[in-house]
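Let's take a friendly walk through the inside of a protein. Keep the picture open while you read.

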Amino acid sequence: MDAAGRDVLRCWLKWCGDLHLPPKNRLDPLAFPKALPGIQLVQVTDSLDEFIYRLVGTREVEVRGFDPTGRPVAEGFFGATAEDVLENYRNAVKAEGPMCDVDTFRKVNDVDVIDISLFLPMTEDGEIRYILVYSYQKSPE
């Protein structure tokens, strides 16, 4: 994980306080300004079959070529397949804690990319209702 991602994780752990997971109302994006371009806030639906982008950073919009805010993850994902990406969100809910995924895949323009994503569940009314995600991409070495 890069330095910005470590900042996000440190903030998330601080927001946990004495709790297992932090409530979403403790979320303060200004606590990690360098990470904001790679941030996504994803809403968890009751079925775990659909997740909705609620906030998407500028770098994440750029790598997709469009802004997926308000859309289901299955429509706005950046990854090898929609099912792979959805499974990461399901696993983050099941794990009830931080999760990191590293995925190498070929983008539409025939360029290989390594995508590193940190998934940080957050609660609302005692249930996991959001996942704060920090992602960055790099070229394979």
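On a 1 Å grid over the protein atoms alone, a cavity is a set of points where a 1.4 Å probe fits but cannot get out. Grid points are joined across faces, edges and corners, and a volume is the space filled by probe spheres set on the points. This is a predicted model, in which local features need pLDDT of at least 70 and side-chain atom pairs count only at pLDDT 80 or more, while totals for chains, interfaces and linings use all residues. Residues are numbered from 1 along each chain as its sequence is written, and side-chain values use heavy atoms, with hydrogens and water left out.

The structure has one cavity of 30 Å³ or more, and the largest cavity holds about 140 Å³ of space. Its lining, meaning residues with an atom within 4 Å of a point, has 16 residues, and those nearest the centre are Phe78, Val85, Asp115, Ser117 and Phe119. Two or more lining residues come from each of helix H2 (58-64), helix H4 (82-95), strand S3 (99-106), strand S4 (112-124) and strand S5 (127-138). Here helices (H or I, at least four residues) and strands (E, at least two) are DSSP runs, numbered from the N terminus.

## Rings that meet

Rings of Phe, Tyr and Trp (its six-membered ring) pair if their centres lie within 6.5 Å; planes under 30 degrees apart count as stacked, over 60 as edge-to-face and the rest as tilted. The structure holds four aromatic pairs. In one of them, the ring centres of Tyr89 and Phe119 are 5.2 Å apart and the planes stand at 90°, so this pair is edge-to-face. Because Tyr89 belongs to helix H4 and Phe119 to strand S4, the pair ties together parts 30 residues apart in sequence.

Are Tyr89 and Phe119 buried or exposed? Both are buried, which is the word for under 20% relative accessible area, with exposed over 50% and partly exposed in between (1.4 Å probe, protein chains only). Ring pairs also join Phe51, Tyr89 and Phe119 into a cluster.

## Cysteines on their own

A disulfide is a pair of cysteine sulfur atoms within 2.5 Å, and the count here is zero. Cys100 is in no disulfide either, as the nearest cysteine sulfur, that of Cys16, is 17 Å away. Cys16 counts as buried at 5% relative accessibility, whereas Cys100, at 45%, counts as partly exposed.

Definitions and conventions:
1 Å grid on protein atoms, 1.4 Å probe; cavity = no way out; pocket = protein on both sides within 12 Å on 5 of 7 lines; lining within 4 Å.
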